[in-house]
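Hi there,

Here is the structure I promised to pass on to you. Please open it next to this email, and take your time with it.

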Amino acid sequence: MSEKVLQKANWSSFVQALADARELWFPVKDGPIYKFAPYSGDVDAGLEEYAYSSVPPKAVVLPQTETMFLYQVGDKEISLPEEKKEKVVLGARPCDARAMDIVDRVFQWDEDDPYYLENRNKTAVIGLACNEPFVNCFCTSLDGSPGSTQGLDVLMVDLGDKYYLRSVTDKGSRILGDAESALEDASGEGSQAEEIIKEAEGKIKRSIDTEGIREKLEEGWEAPLWDEVSRACLGCGACTFLCPTCHCFDIQDEVEGFDGRRCRMWDSCMFGEYTLHTSGHNPRPSRKERTRNRISHKYRYYVEKFDKIACVGCGRCITSCPVNIDILDILSRVKEEL
Amino acid sequence: MSNKENPYIPHMAKVEDTWYETHGERAIKTFRVVFEDEEVKESWEHLPGQCAMIGVLGVGESMISISSSPTEGKFLRFSVMRMGKVTQALHQLEPGDSMTVRGPYGNNFPLEEWKGKKILTIGGGIGQAPLRPIVEYVRANINDYQDLTVIYGARTTNDLCFKQELEDLRECQEVSSCHLSIDIEEEGWSHFVGFVPTLLMEVNPSPENTIAITCGPPIMIKFVLENLKKLGFEDEQIYTTLENRMKCGIGKCGRCNAGPLYVCKDGPVFNYATLKQVPEAFA
């Protein structure tokens, strides 16, 4: 573990040093939102205005569309895409790193997923603690914290005129080594960072007591509440696409001329086609069943397999829902009514 | 490229023989395939009940049950109904062509556990495809089992799969019995006319030391289950095999779950006692 300090005056050289060593992913403003994108060389890009990214950094390890293999139509030879690059994500929020830890288990469940794991093993995450939690944050209800280090390689805390950086893993220490020239040794900033994190925890407004939700979800399968909470749903899928723990994908073949590739892309359990059989039969025919599946997957099915809730309390599904469906309202009703 | 390192990379398998089980718009075509790579051919192991992702490069893949038993030899059989994009493309394949195969996926019918018992299969339409390997496996090891009874029906004679094999099975009455049905009267049909659940009551099998396995359209399964209960079968004596839309086959892509159960990994074979707890399994 190493503790460093980055003076904000040295920001540009820090970012450049990271980008020189690895492919750097950074929160980039795209219209009204932030999303993670490969760093473009704009060294002035800071994190001053950035609160959180509407699109989570899961795309770094699970690209929205990813080539699995290539072939020539009519041929039997299959070739693999290029090896993935060493990457570093700068400015992920701690909840997003915790989400990666949750998704890791799925992609290692009995059988390894080579694409995801190669990406994950080659990606280092520098997390930025949340001094000012967002309005819908509830990470503290799910064993998280604005300064959680789970899934992170380096934790970074904004101290005003400088950042405090602490490596959590060996990979993190190596990353800090890459940018050594821009950093100074820490001297007591660690405790200042702890205080800021503690203060930030107190600023989180929303919460849920998760005790008993798993059991209630099982018992209340047919409860009328599912009709009611899904009635407004448009089926747009924003809650799942923007969820850092949602990892479901579709697999499709794409052909241009004779060049073919099999690729996978994000998919959503909120879409009817997701489960539609070719016969026309659909085991989850309406938004009621799909909403129940989304909540049950995170708060029951995943828990039964991996002994952990597959939600980190980032609040994106609440903030981004066009009809204001609120997972915390659903969960409180599950607790009270089922 | 080995499929052990990357489970998404399919093997190439040569189509040795094909024939139509049924005709029409939703024809069912059977393919007998062998792996082109000798090493894969030798190392491949599957058990009755398991599935494979089969497909055509440039089109895609579908999860199809392996309808042959390993006791039949070093080949795989798939019976595929022409339904969508991938099955359409598969139906174009003729002997000498290749398809992609990866797997085997899912669990299997516990045929070892069932040794010494009477085996009763109840199938409808294309639902006989996953039951066929049980029939073949038990026939090949008939001394290990007390009895084999096959109940199978389809809408019309044109919708019956594996007709010749099932007729042959009727011939060897000493080891087994086979009861066929069609839904509507047809000229020249000497067997039962009516629905499969009704035929089941007609056959009236004893639940004593018996395992019943059923597969077919959801509506048929529903009434078969009801009738098995009427006949005195305990939940633990009843098995079925499920299907859902699948993409990865290895519990990653998310879509095949019925409640907490992943059909690709926890299934496709389920005991009724387990399934009863999962309302979504019958959705």
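First, some housekeeping. This is a predicted model, in which local features need pLDDT of at least 70 and side-chain atom pairs count only at pLDDT 80 or more, while totals for chains, interfaces and linings use all residues. Residues are numbered from 1 along each chain as its sequence is written, and chains are lettered from A and ligands numbered from 1 in the order in which they are written.

Let's begin with chain B. Its secondary structure comes to seven helices and 15 strands; helices (H or I, at least four residues) and strands (E, at least two) are DSSP runs, numbered from the N terminus. The radius of gyration of chain B, taken over C-alpha atoms, is 18 Å, close to the 19 Å that the globule rule gives for 283 residues, so chain B is as compact as a globular protein of that length. That rule is 2.2 Å times the number of residues to the power 0.38. Of the 283 residues in chain B, 51% are buried, where buried means that 20 or more other C-beta atoms, placed from the backbone, lie within 10 Å of the residue's own.

How is chain B divided? An automatic or database domain assignment gives domain 1 (11-105), domain 2 (118-241) and domain 3 (242-283). The C-alpha centres of domains 2 and 3 of chain B lie 23 Å apart. Their contact takes seven residues from domain 2 and nine from domain 3; two residues are in contact if their C-beta atoms, placed from the backbone, lie within 7 Å. On the domain 2 side, strand β12 (residues 238-241) of chain B gives the most, with four residues.

The two chains also touch each other: 30 residues of chain B and 34 residues of chain A take part.

Now for the nonpolar core, a set of buried Ala, Val, Leu, Ile, Met, Phe, Trp, Tyr and Cys residues joined through C-beta atoms within 7 Å. The largest one has 168 residues, of which A:Val89, A:Ile126, A:Met156 and B:Ala52 touch the most other members. Helix α3 (residues 94-106) of chain A gives the most to this core, with seven residues.

Enjoy exploring!

Definitions and conventions
Buried ≥ 20, exposed ≤ 12 C-beta atoms within 10 Å, placed from the backbone.
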